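Biologist: Please take a close look at the aromatic rings in this predicted model. Which rings pair, and how are the pairs arranged?

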Amino acid sequence: TSDSISRQNNFVMHSALDLVDKTAWVNSNMYLKVVDKVNHQMVSVFLTAGHVKFMLLHCGKSEDTVRNFFLEVHELYVKLSMNPFYRFDTQIDSKDFDSRVRTAGRRFLL
């Protein structure tokens with residue numbers, strides 16, 4: 001069922017967080033590539049300079065495709081974080097940001 005798939009996806013993403021922290025200590029790149037694989041699913045991660053984690057659960061997209069997606073999302077995030085009304089480390093509830101990330105996802109990941 002879709003509920004069990006959703007729970008499994010959440011579990012995979014949360015379990016990858018420890019691996020992200022471990023990988024961040026040995027890798028100075030912002031794009032950490034695939035940090036975890038579970039069955040047919042992979043978790044790719046982009047870590048900003050402020051240690052904000054962008055994580056993507058996918059079924060084997062090319063590294064260049066995922067990297068380009070993360071670079072665009074990072075650019076959108078930097079623009080958002082420069083907004084004087086945005087407070088760091090708070091939930092992003094901008095509909096424009098959400099729409100642009102979804103557009104990038106459709107362009108790079110579908």
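Modeller: Phe 46 counts as buried, because its relative accessibility is 2% and the cut-off for buried is under 20%. The search of the whole structure for aromatic pairs finds five. In one of them, the ring centres of Phe 46 and Phe 54 are 6.1 Å apart and the planes meet at 15°, so this pair is stacked. The reasoning rests on a cut-off: planes under 30 degrees apart count as stacked, and those over 60 as edge-to-face.

Phe 54 is buried too, with a relative accessible area of 11%. Phe 54 also pairs with Tyr 77: here the centres lie 5.6 Å apart and the planes are at 80°, so the pair is edge-to-face. This second pair links distant parts of the chain, since Phe 54 belongs to strand E3 (residues 53–58) and Tyr 77 to helix H2 (residues 63–81), 23 residues apart.

Tyr 77 has a relative accessible area of 8% and is therefore buried. Leaving aside neighbours within four places in sequence, the residues in contact with Tyr 77 are Thr 48, Val 52, Phe 54, Tyr 86, Phe 88, Ile 92 and Phe 97.

Tyr 31, Phe 46, Phe 54, Phe 69, Phe 70 and Tyr 77 are linked by ring pairs into a cluster.

Methods: Residues numbered from 1 in each chain as written. Predicted model: local features only at pLDDT ≥ 70, side-chain atom pairs only at ≥ 80, totals over all residues. Heavy atoms only, no water. Phe/Tyr/Trp six-rings, centres within 6.5 Å; stacked < 30°, edge-to-face > 60°. Buried < 20%, exposed > 50% of the residue type's maximum accessible area, 1.4 Å probe, protein only. Helix = DSSP H or I, 4+ residues; strand = E, 2+ residues; numbered from the N terminus. Contact = heavy atoms within 4.5 Å.
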